[in-house]
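Thanks for making time this morning.

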Amino acid sequence: MKYINHAHTQKRMNIRLLKNAVAKTLFFLATLFGLIVLVALIYRVVTQGVHWIDMDFLTNRLSTDPEKAGIYGAVIGTLWLMAVMAPITLILGVGTAVYLEEYARKNRFHRLIQTNISNLAGVPSVVFGLQGLTVFVRGMELGAVVLAGGLTMSLLVLPIVVVAAQEAIRAVPQYLREASFGMGATKWQTIRNIVLPAALPGILTGVILALSRAVGETAPLVVLGIPALLIPVPDSLFDKFTVLPLQIYYWTLDSALVREYANLAAASIMVLLVILFLMNSIAILIRNKFQRRF
Amino acid sequence: MALEKVLERGKENFSVRNWIEKNRRKATFSNIFEKMIPKILFVISIISVLTTLGIIFTLLFETIEFFKDVSFISFFTGTTLQPLGPNAEFGILPLVTGTLMATGIAMLVAIPIGLMTAVYLSEYASERVRRILKPVLEILAGIPTIVYGFFALTFVTPLLKNFIPGLEPTNILSPGIVMGIMIIPMVASLSEDALSAVPKSLREGALALGATKLEVTWKVVVPAAVSGIVASFVLAVSRAIGETMIVTIASGSSKNFTFDVTQSMQTMTAYIVEVTGGDAPAGSTLYYSLYAVAMTLFVFTLIMNLVAQYISRKLREEY
């Protein structure tokens with residue numbers, strides 16, 4: 001007597017294996033989809049923009065004439081924005097992280113700040129822009145200047161820096177702190193001489209990644225009211241400014257009127273992507289080179 | 001050395017008492033400093049809380065001003081948004097439908113592809129393939145949204161027009177799709193984390209019973225990781241609702257109340273960009289409407305984020 005119908009089992013097994021093979025291919029194709037889009041996007045931008053990139057494009061100021069227009073002002077504006085953000089995010093981010101990791105007792109207040117930071121990270125950037133418009137641009141009557149933009153962007157990326165700094169500080173092993181205390185160092189001396197130097201690569205990586213996020217961010221600055229006008233190159237904190245993403249935005253919008261603007265936008269995108277690529281490479285380099293495993 | 005110093009000091013009227021006194025003063029100073037540091041850091045860490053409170057209170061106060069001009073009910077049930085002109089009407093529904101349409105389309109792209117990517121990377125891919133594909137996803141996640149906006153307007157819309165002749169030059173379909181592509185890496189990476197956290201023993205148990213890899217994945221691993229996966233979906237929704245530049249560029253600014261994806265629609269975020277870009281005079285209803293819309297947006301995303309946190313905290317199974 002046969003308990004197992006071999007032909008039937010064989011058939012079922014084949015179907016199950018076929019399903020598995022089909023699913024595997026499908027999952028693989030889904031994964032490839034991202035790669036294909038990335039290639040299409042870069043191909044599209046490069047073919048449209050590459051002929052427009054030359055020294056004149058990089059060193060000329062803004063102009064309504066597509067042939068003469070350059071992005072010098074926008075690049076300088078981007079650098080100004082970074083110069084304002086770097087110290088602010090470093091002090092606020094590291095200060096908060098040190099307080100949370102080293103000083104704060106694990107009580108309700110600690111949880112409040114922690115929850116607050118993770119929720120702040122989820123607030124849409126356009127809302128930060130509106131907040132910046134209300135407080136910095138209108139409330140403090142700064143206008144849409146470098147300082148207002150930098151402060152708004154600093155608050156926007158603060159959660160990223162805090163979380164990165166917290167992780168870096170947490171990765172410093174406890175025995176280093178204990179050794180320092182054992183030598184008679186005070187808490188602050190330990191933090192300053194032992195914890196922060198050991199956590200520095202992680203912190204710097206976080207700050208650079210946060211800056212690169214801000215460099216690509218457009219919405220808050222549009223909301224701050226940075227106009228599409230020809231803005232002179234800024235040379236102080238209280239000058240009006242523009243940045244690359246904004247320039248891309250206005251050129252893309254106006255490409256319906258002047259077709260060459262789309263090419264300018266593509267060329268600016270190439271410059272922006274190169275800047276972001278460099279910043280991310282530096283961050284990865286710092287992480288790989290100086291990150292010590294304990 | 002120290003002795004020499006002491007002897008040196010001995011020439012001027014040196015006394016041990018003075019010396020101790022001096023050292024004590026120095027110690028007091030560094031003691032004060034030591035006690036000041038936590039207070040300074042405390043003040044710094046309060047700034048993040050103040051930012052949140054600042055956002056909430058600005059939105060709240062200006063929204064209250066808005067509701068002095070426009071009734072609460074007509075704002076939330078009005079299907080016409082006509083912010084300019086003498087017959088201004090402020091109904092938020094066109095913006096809400098625009099936002100939900102864009103989000104819905106984005107999720108149709110991001111959720112299946114993101115989840116399949118996560119499954120492939122976590123269950124099927126060899127270490128070598130993973131090492132190539134993961135950085136690609138990270139690059140995709142790091143591209144600024146303005147670039148995606150440009151891509152949607154100048155590439156995806158013309159491409160779609162080949163298949164859908166009735167497509168308007170600005171429409172909600174193309175930015176929705178591109179937004180979905182932008183969110184894929186987020187869904188993929190969060191879901192993959194959840195899948196990888198499922199212990200190997202569960203997979204081995206199922207494999208030993210004769211299940212195929214697909215059956216192991218679909219009937220054992222995915223259900224075990226469901227809280228993390230769902231949380232990643234919810235976060236993706238929140239991200240899509242808050243996304244600004246793609247829709248601003250590629251979906252135009254018509255405040256249509258419609259469900260036709262080939263038409264131009266405006267999202268809440270795009271409305272904020274449009275009105276602030278037009279420099280609304282402070283104190284006008286138009287100006288206050290910004291805050292009412294932003295408040296709605298803020299509440300939407302906040303709820304989504306809280307739900308995601310709740311799901312991943314409460315529904316997580318510990319192994």
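This is a predicted model: local features need pLDDT of at least 70, side-chain atom pairs count only at pLDDT 80 or more; totals for chains, interfaces and linings use all residues.

Let me begin with Val293(B), which sits in helix H13 of chain B, where a helix is a DSSP run of H or I with at least four residues, a strand is a run of E with at least two, and both are numbered from the N terminus. Residues are numbered from 1 along each chain as its sequence is written, chains are lettered from A and ligands numbered from 1 in the order in which they are written, and side-chain values use heavy atoms, with hydrogens and water left out.

Is Val293(B) buried or exposed? Val293(B) is buried, because its relative accessible area is 2%, and the cut-offs here are under 20% for buried, over 50% for exposed and partly exposed in between, with a 1.4 Å probe and protein chains only. Leaving aside residues up to four places away in sequence, Val293(B) touches Phe75(B), Ile92(B), Leu95(B), Met268(B), Tyr271(B) and Ile272(B), contact meaning heavy atoms within 4.5 Å. Phe257(B), by comparison, is 36 residues from Val293(B) in sequence, with 16 Å between the two C-alpha atoms.

Helix H13(B) also takes us across to the other chain. Helix H4 (residues 108–120) of chain A packs with helix H13 (residues 285–314) of chain B at an angle of about 125 degrees, and their axes are 10 Å apart; these axes are lines fitted to C-alpha atoms, for helices over the stretch in contact, and angles run from 0 to 180 degrees between N-to-C directions. That angle makes H4(A) oblique to H13(B), since angles under 35 degrees count as roughly parallel, over 145 as roughly antiparallel, 65 to 115 as roughly perpendicular and the rest as oblique. The crossing of H4(A) and H13(B) is right-handed, which means that the near helix is turned clockwise from the far one by less than a right angle, anticlockwise being left-handed. On the H4(A) side we find Thr115(A), Ser118(A) and Asn119(A), and they meet Leu302(B), Asn305(B), Leu306(B) and Gln309(B) of H13(B). By class, this contact of H4(A) with H13(B) has two nonpolar, five polar and no charged residues, where Ala, Val, Leu, Ile, Met, Phe, Trp, Tyr, Cys and Pro count as nonpolar, Asp, Glu, Lys and Arg as charged, and the others, Gly among them, as polar.

Now please look at another pair that joins the chains. Helix H11 (residues 260–290) of chain A and helix H6 (residues 145–161) of chain B pack at about 145 degrees with their axes 11 Å apart, and H11(A) passes H6(B) in a left-handed crossing. Ala262(A), Ala265(A), Ala266(A), Ile269(A) and Leu272(A) of H11(A) make the contact with Ile146(B), Val147(B) and Phe150(B) of H6(B), and by class there are eight nonpolar, no polar and no charged residues. Elsewhere in helix H11 of chain A lies Phe277(A), which is exposed, because its relative accessible area is 60%.

How many residues of chain A are in contact with chain B? There are 70 in chain A, and they are in contact with 73 residues of chain B. About 6,200 Å² is buried between the two chains, and carbon and sulfur atoms give 77% of that; buried area is the accessible area (1.4 Å probe) that two parts lose on being put together, summed over both. In chain A, Phe27(A), Thr31(A) and Leu130(A) lose the most area to chain B, together 10% of what that side buries.

Thr51(B) belongs to helix H2 (residues 16–69) of chain B and is buried, with a relative accessible area of 6%; not counting residues up to four places away in sequence, Thr51(B) touches Leu120(A), Phe128(A), Gln131(A) and Leu155(A). Thr244(B) lies in the loop between helix H10 (226–242) and helix H11 (245–250) of chain B and is buried as well, at 2%. With the same exclusion, Thr244(B) touches Val126(A), Ala219(A), Thr269(B) and Val273(B).
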